[in-house]
Amino acid sequence: MFQESDDDNLGGGAPERPENPESTENPVVPVVPVEPERKTRVPDILPVLPLRDAILFPDMLLTYVIQDARDIRLVDDVLLQDRFVAFVPVVRPQPDENDPSALWDKGCAGVILKMIKFPDGGVRLLVQGLKRIRIETILQRQPYFSARTSEIPDAVKPGVALDALHRSVRDQFNRLLGLLSHVPNEVKLSAINIAEPGRFADLVTANLNLAIEERCSILEAADVGTRLERISLLLEREMQIVELGAKIHEDVKQKINQGQREFFLREQLRAIRRELGERDDDRPEAAELEKAIEAAGLPEEAMKEAKRELSRLGRMQPGSAEYTVSRTYLDWMASLPWNVLTEDCLDMEKARKILDADHYDLDKVKNRIIEYLAVRKVHPAGRSPILCFVGPPGVGKTSLGRSIAKAMGRKFERISLGGVRDEAEIRGHRRTYVGALPGRIIQGMRRAGSRNPVFMLDEIDKLVSDMHGDPSSALLEVLDTEQNLNFRDHYLDAPFDLSKVVFITTANTLEPVPPALLDRMEVLRLAGYSSEEKLRISRRHLLPKVLAEHGVPARKAVFDRSALATVINSYTREAGLRNLEREFSSIVRKIAVKMANGKRGPFRMSAKDVKSYLGPPSFFAAVPARAETPGVALGLAWTAVGGDLLYIEATAMPGKKGLLLTGRLGDVIKESAQAALSWIRTRGGKLGLKDGYFEEHDIHVHFPEGATPKDGPSAGITLVAALVSLFTGTPIRSRLAMTGEITLRGKILPVGGIKEKMLAARRADVRDVIIPAGNVNDLDEIQPEVRRAMTFHPIERIEEMLPVAFPGLADKLDLTNNRRLPPARKVKFAKAAGGTRPQAGKDLPGGRAAKGGKKNGGGAWK
């Protein structure tokens, strides 16, 4: 419920409560004349009521809602007295409500005519302005502000100028009222009846939608002429805003009406033409699309879908959203190379020259391309291969794809699949989605402009599967020669023939590739390059490329063989060539700086000069020093970036029969360590260990470089060697590395990645390598210069490793459990007239004699 003052002027019921009590749109009632005696009764000291987002003008009625406790206290006190209040606008709100600096120094003295209280504590006031005042001094801050005030009388200078200004403002206000439909009639009547210029200016200001600062500028103007000039400028601006808004509204209305009119007229015109049997040619855009689709040579099903969409397009309005979707779809259909084929270069000799000029070695890949060209020449309708290049970064997988396209005379297109997680990236989005587009395959075909390009899908091992789908499953159709004849993209919804495309995929490792997808590809491995190969590649390809990129003539930068070898062996250690190219670029940039400073050169580069350009070497041959310690063995590992050395360190300490493994290891390599220790424990006495040794000692096996994950079974033989070295106190033979999986019965099983591991051993200057006998045939894939630089020791059992790793110690130990071992064997390649082969006269593994030789009881290849 609410309370009312008992004043006679406050009769009537409670009005409807406004939605926002703090609303800035406080309704202003038209001017009500104030009795002169009431103005004179206003005292100089008045309580101050801050007005937030509102201003009271003299002779105006203002409805205002308050909720602040200070303001309500003020109203309660004033109603018990004379009801006079100083209404002062708040221009600088302050966090402290007792700070008078928030108040303007001018305001309006007024009287409270009516007060209504609401149940939530709010109070609504009806107040009337009396006269302009100036705040002279703040006398009181608590419980509300009280101030000494002085009147600001109107300064009126009668004359023709004031009358003309008054009449001009009145005309402006009347024109504005004519443009506004929401102004009450009472305001219009008041504007007609007020003759005093000052009161008229106040009325206009109170009824305009002005900022608080603009209203204050009118309230503070004591001079009536100045007041009218300011309100004239504000009226002119308001009229421009209202007229512009009306114009915009009218333009929009006309466009809508015109669009509706055109729609009805077009529909009538189409109906008339259909009745007359005439063709609808009012849209040249549709006619151009139809011509383009006819010229594209679409297959039957695709043409049927395109004509259906053309028919829909003709029934749509150009301004509709569906029209744009349909138009974009037809653009895609017309721009795809449905029947565009480039002619293959079937000159195999020319193709071989192009491949040899761009890439060194990689004979297996080159031979596969030549085989494909030969099949195309014999059987032109044959299917294209789907190749997968697997190898570490920087070995030339992507550039090899470009060379293949160049050799075949085809267009080359490449897309990267790294991080692709949405199936729609491959098959496209359905046209029902906003912003739908074809998948990457169809987009690549349009960019290629041919139906038989060389299409490279880079980083296929880095696809991601999540809630959005499995993109690798979408690739099953693309990379299946039985299905890609009718590849159906979701966006096109029509089959597209991919059978003529030579698809080439690349990967660093095949482990993340799903088996079903891997089954559709022919895998070709690029293991990396040996130091000798890098030396040749540097001379033939890398250095000329780097010099050309930096604008340095070849005669100005001369590298001798020792300089190239130093950069390769001391500043890079990788399977590929990227870091090697970066180091060459670093040297050439410094040469370019010298040339820019006026030095003419030529600049000759030797091994000694490399250090001055590149700084201290980054890599050293650490194999001999680390291998001379008992308990340390050198293994070989395969990684996604090529082969690598794997050091294993073992130590024993008093403990409670435990095996501790450290170095960020996987489950498989941990199981290999358990198997190696179990094999040795069964032979502990023969190693000179006393009974109960393993019950009283802990064994700690550590794999250095703990930040690198390690897993796989090929470290089994290395673990056995490290433990035997630890327990016997005998260092392993220098410059010896090994790889092989073991069983509890002592057998050595074949492992993978032999070529990558041998290249890593060669880079580290390893001389002897122990390998499983089952991997001897893999040595044929290794470069001849790598094979000639090392001696290979194939073994079938763990016991055969001991004479190689521990010369002299094996005769003192009997770890064979009375088992007769085959004679020790080693494989040493030598250069012969017919190429690199095992030297005649020595045994091959398994007792087979080399060609042209005789069986030798010692069993060695030399």
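Helix α12 (residues 363-378) lies across β8, β13 and β14, with heavy atoms within 4.5 Å counting as contact. α12 runs at about 145° to β14. Such angles run from 0 to 180 degrees between N-to-C directions, with axes fitted to C-alpha atoms, for helices over the stretch in contact. Helices (H or I, at least four residues) and strands (E, at least two) are DSSP runs, numbered from the N terminus. The model is predicted: local features need pLDDT of at least 70, side-chain atom pairs count only at pLDDT 80 or more, and totals for chains, interfaces and linings use all residues. Residues are numbered from 1 along each chain as its sequence is written, and side-chain values use heavy atoms, leaving out hydrogens and water.

Helix α13 (residues 397-408) lies across β8, β9, β10 (454-458) and β13. α13 runs at about 175° to β10.

Now the sheet itself. Its 5 strands are ordered β9-β10-β13-β8-β14, open and parallel. β9 (412-416) and β14 (522-525) are the edge strands, each pairing on one side only. Pairing takes at least two DSSP bridges. From one strand to the next, the twist averages 20°. Strands β8 (residues 386-390) and β13 (residues 502-507) are joined by 5 bridges. I386 has F503 of β13 as its bridge partner.

Finally, look at a helix pair. The axes of α23 (residues 667-681) and α25 (residues 716-728) come within 9 Å and cross at roughly 45°. Therefore α23 is oblique to α25; oblique covers what is left after under 35 degrees (roughly parallel), over 145 (roughly antiparallel) and 65 to 115 (roughly perpendicular). Residues in this contact include W679 of α23 and F727 of α25.
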